Amino acid sequence: MAHQVKGVIAGAKGAPVTLTTVMVPDPGPGEALVAVQACGVCHTDLHYREGGIGEDFPYLLGHEASGVVEAVGPDVSGLAPGDFVILNWRAVCGQCRACLRGRPWYCFATHNATQKMTLSDGTQLSPALGIGAFAEKTLVAAGQCTKVNPAIKPEVAGLLGCGVMAGLGAALNTAGVTRGDSVAVIGCGGVGDAAILGASLAGARKIIAVDVDDRKLEWAGQFGATDTVNSRSEDPVERIRELTEGNGADVVIEAVGRPETYKQAFYGRDLAGTVVLVGVPTPTMQLDLPLLDVFGRGGSLKSSWYGDCLPTRDFPMLVDLHLQGRLPLDKFVSETIALDAIEDAFAKMERGEVLRSVVVL
């Protein structure tokens, strides 16, 4: 049986999204049907709409979501109807070379639902990041469902499914920020602010927020930034060095994804320091660095994939920290909206007016 629900699709490159009828099949082997309760509006959804990720239109957008399992298919264990879950786009396979080496957060063969959701005329939809949660219900691989404490609000929980986890994980997992470290974060949107929050949680002694927007710098202070730098009016590299006894930061997290800001991160770190790229570049961007500087400055240049998270390990732990009052995830929610307001939310995002708009169903 197919479930007829409302969902938001991107029908063509650059065209406004539309609210339409989506047909969602009952779960097959290894699949789960989830009634979506909340879904954040992420930059990645905008990239899909603009054709920046692929050309497999139409896309069923939305991926930063939480909800309740409605049904599971055959061969599913550890998941049952009624479970409150956060959806993730890294359903580890357990069999690839990364998983077998004990590094499942790098899983190279993550899986999605086998069956396709469709339009009412049978046109197959491509779900964003294998999820497609701008809909009343969605079909995912059972491994994409991570059970967490249902006491957390759905609009907060869903944020761990993508952007907030990416930033927290960049600081906690990829960079390994620890007590006494100095940290600079370049780009203070939702991901950058989550990196600031992660650095604060880890006990960093100095956290420097860098952005071109004073409003975003003010937000950064709410997540634990000890210093702010507006890179429109100050040289961020020189200012980071001034704030770190002339040395540069132990860790610099680049949350923009542009060559010019990556260079700021590279030269703003201390000798033998760490740079973490969590901002997503476009396919045409190129980086030009003197190889001698790469050698001479030492340290580590890393990329953070999904905050190098393992959902089954990280999501329940972070939810518990939030419920204890130690992780203020609710500060990321700028507004809650309906399904038909996503196009307006994209515009607010592009203008830098929100950290996260969250669809509540």
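This is a predicted model: local features need pLDDT of at least 70, side-chain atom pairs count only at pLDDT 80 or more; totals for chains, interfaces and linings use all residues.
Visitor: At what angle do helix H4 and helix H5 pack?
Guide: Two packed helices are described by the angle between their axes and the distance between the axes. Helix H4 covers residues 163-174, and helix H5 covers residues 190-202. Their axes are 7 Å apart, and they pack at an angle of about 40 degrees.

Visitor: Are H4 and H5 roughly parallel, roughly perpendicular or oblique to each other?
Guide: Angles under 35 degrees count as roughly parallel, and 65 to 115 as roughly perpendicular. The angle here is about 40 degrees. H4 and H5 are therefore oblique.

Visitor: Is the crossing of H4 and H5 left-handed or right-handed, and how many charged residues are in the contact?
Guide: H4 passes H5 in a right-handed crossing. From H4, the contact residues include Val164, Leu168 and Leu172; from H5, they include Val191, Leu197 and Leu201. The contact holds 12 nonpolar and three polar residues. The number of charged residues is none.

Visitor: How are H4 and H10 oriented to each other?
Guide: The axes of H4 and H10 are 12 Å apart. The angle between these helices is about 105 degrees. Angles of 65 to 115 degrees count as roughly perpendicular. H4 and H10 are therefore roughly perpendicular.

Visitor: How many charged residues does the contact of H4 with H10 have?
Guide: H4 gives Met165, Leu168 and Asn173. H10 gives Arg313, Asp314, Phe315 and Leu318. Asp and Arg count as charged. By class, the contact has four nonpolar residues, one polar and, as charged residues, two.

Visitor: Which element gives the largest share of the lining of the second largest pocket?
Guide: This pocket has a volume of about 290 Å³. Among its 19 lining residues, Ser77, Ala142, Gly143, Cys145 and Thr312 are the closest to the centre. Strand E10 (145-147) and helix H10 (311-323) are the elements that give two or more residues. The largest share is three residues, and it comes from E10.

Visitor: How many charged residues are in the lining of the second largest pocket?
Guide: Sort the lining by class. Eight residues are nonpolar and eight are polar. The charged residues number three.

Visitor: Which residue other than glycine has phi near 65 degrees?
Guide: Look in the loop between strand E5 (64-72) and strand E6 (84-87). The residue with this positive phi is Asp75.

Methods: Residues are numbered from 1 along each chain as its sequence is written. Side-chain values use heavy atoms; hydrogens and water are left out. Axes are lines fitted to C-alpha atoms, for helices over the stretch in contact, and angles run from 0 to 180 degrees between N-to-C directions. Helices (H or I, at least four residues) and strands (E, at least two) are DSSP runs, numbered from the N terminus. Angles under 35 degrees count as roughly parallel, over 145 as roughly antiparallel, 65 to 115 as roughly perpendicular and the rest as oblique. A crossing is left-handed if the near helix is turned anticlockwise from the far one by less than a right angle, and right-handed if clockwise. Contact means heavy atoms within 4.5 Å. On a 1 Å grid over the protein atoms alone, a cavity is a set of points where a 1.4 Å probe fits but cannot get out, and a pocket is an open set with protein on both sides within 12 Å along at least five of seven lines; lining residues have an atom within 4 Å of a point. Grid points are joined across faces, edges and corners, and a volume is the space filled by probe spheres set on the points.
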